[in-house]
Amino acid sequence: MTAQTALPATATTGWAPTGDLPWPRVWDHQYEGPVLLQDGRVLAAGGGDSRGAQTFADAALHDPVTGQWTITGSLITSRRGHTLTVLNDGRVLAAGGAHGHPSSRPWAQASAEIYDPATGTWTATGSLHQSRLVHSATLLPDGRVLVAGGSTDQPPHFADVETTTAEIYDPATGTWAQAAPMIHARASFPAVRTPDGHVMAIGGSIDTGSDVAGITFCETYDPTAGTWTPADPIGTPAQGSNSGLARVHAQAVTLDDGSILLTGGHQGGPLLWTFSPFSLSEAERFDPATKRWAPVTPMGIGRDQHRLITLDSGKVIAIGGLEYGGYDTGYQHAEVYDPTTGQWGPRTGLSAPRVRFGAVKLADGRVLIAGGAAQLGGASPTGNDVLVTSTDVFTP
């Protein structure tokens, strides 16, 4: 398909439904959901059911002109908790993730594959040195891909263990090279590229053996020096507390001025409920000049497993999510942050509640969201998770 130069004009603003996904699907991790191809289409691949018991290999393409999804070539290996990265040559790298059923170990995998939009097919490429899922993947300025952290159960470990390991994929050779390990092991964390070409890893989770704990540690990777350096830890105090907030499943984006906006997530749990069970509304902003985090106006509501997208205007939209303590129903609304005023705007409604869904900005500046879970077992009449196939488009 050739590049799309004329996307349809839209007379109204806000959310509107568009064509449904071919199948119900959740994407647990912010880096596994749909990605924007260079020709303007959107690729969705892999994912799972909401309970984490099944992984899928299906893939589909969304055409923003017609608003419809069509089936494309399936992944070679089913996977969830993987990463999708669009390479500079237009191909897409799928790396790691979980495969099979979590009761069968190893659950994490090291395989990787490449999608070619010209042929609609996947081809195996070099495998990672370390199996991993819920890791980060960041396109570097030179076109290589940095993969870092995540969770692994590679022998001799037969339970989920967070890793410090990092490695770099070279699209020219199709191989991975081991990079310097991170200072802190972590999974389920955001990693953003800064204006100077470095990569910042922010917060995340570690498994303590009895529960999952959030962390506040941050660090940056310098691709020229090949080293990680400690960065200012996140630390917006919880309401009514003097202690800094650790964050699991937080979302982060780089703003037009080079600062970083961090929102939501939760502090840890839920095995022993050692931590506060509630989603976080608090937000923080990293100043590249002072290299410090500082609190900003919180979101209107606490959000966990939501999505953040930077709009063409420079504003940021926070979409969906859920209350981690209730862990039952996805939110059916979004809100917009204005970096100039530092304020969050009113909530706007989605067609369906959503958590663990895909979100991507289209070439014309609109935002596409797809799939996810509307209700988790405790909130549904049948006690089963309710997944959605619906897709919405937001016109700023």
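Predicted model: local features only at pLDDT ≥ 70, side-chain atom pairs only at ≥ 80, totals over all residues.
1. In what order do the 4 strands of the open sheet with S2 and S5 stand, and with what pairing? The order is S2-S3-S4-S5 and the pairing is antiparallel; here strands are DSSP runs of E with at least two residues, numbered from the N terminus, and two strands pair if DSSP finds at least two bridges between them. The edge strands are S2 (35–36) and S5 (68–72), each of which pairs on one side only. S2 and strand S3 (residues 42–45) pair in the antiparallel sense over 2 bridges, with Val 35 standing opposite Leu 43 in S3.

2. Residues are numbered from 1 along each chain as its sequence is written, and side-chain values use heavy atoms, with hydrogens and water left out.

3. On confidence, pLDDT is the predictor's confidence in each residue, from 0 to 100, and its mean over the chain is 90, with 90% of the residues reaching 70 or more.

4. S1 and strand S35 (residues 391–395) pair in the antiparallel sense over 5 bridges, and Ala 16 stands opposite Val 393 in S35.

5. In a regular strand the side chains alternate between the two faces of the sheet. Strand S26 (residues 307–310) has both faces covered, with Arg 307 and Ile 309 on one side and Leu 308 and Thr 310 on the other, all of them buried; buried means under 20% relative accessible area, exposed over 50%, and partly exposed in between (1.4 Å probe, protein chains only). S26 pairs with strand S27 (residues 316–319) in the antiparallel sense over 4 bridges, and the bridge partner of Arg 307 in S27 is Ile 319. The hairpin of S26 and S27 has 5 residues between the strands, and in it Gly 314 takes a positive phi near 95°.

6. Ala 318 has its place in strand S27 and counts as buried, because its relative accessibility is 0%. Leaving aside neighbours within four places in sequence, its contacts include Arg 307, Leu 308, Ala 334 and Trp 344. Ala 318 and Gln 251 are 67 residues apart in sequence and 9.0 Å apart in space, C-alpha to C-alpha.

7. His 62 lies in strand S4 (residues 59–63) and, at 1% relative accessibility, counts as buried. The side chain of His 62 reaches the backbone oxygen of Gly 67 at 3.5 Å. Beyond its neighbours within four places in sequence, His 62 is in contact with residues including Thr 18, Arg 41, Trp 69 and Leu 368.

8. Side chains of opposite charge can pair when their charged atoms come close. The structure holds 17 salt bridges, a salt bridge being a side-chain nitrogen of Lys or Arg within 4 Å of a carboxyl oxygen of Asp or Glu. One of them joins Asp 39 and Arg 41, whose closest N and O atoms are 2.8 Å apart, and both residues are buried. Asp 28, Asp 49, Arg 80 and Arg 356 are linked in a network of salt bridges.

9. Asp 257 forms a salt bridge with Arg 285, with 3.0 Å between the closest N and O atoms. This pair links distant parts of the chain, 28 residues apart, with Asp 257 in the loop between strand S22 (251–254) and strand S23 (260–263) and Arg 285 in strand S24 (residues 283–287). Arg 285 is buried, with a relative accessible area of 16%.

10. The side chains of Asp 312 and Lys 361 also meet in a salt bridge (2.9 Å, N to O). Asp 312 lies in the loop between S26 and S27 and Lys 361 in strand S31, so the pair ties together parts that are 49 residues apart in sequence. Asp 312 is exposed, with a relative accessible area of 54%, whereas Lys 361 counts as partly exposed at 26% relative accessibility.

Terms used. Contact = heavy atoms within 4.5 Å. Polar contact = N/O pair within 3.5 Å; in protein donor to acceptor, adjacent residues only side chain to side chain.
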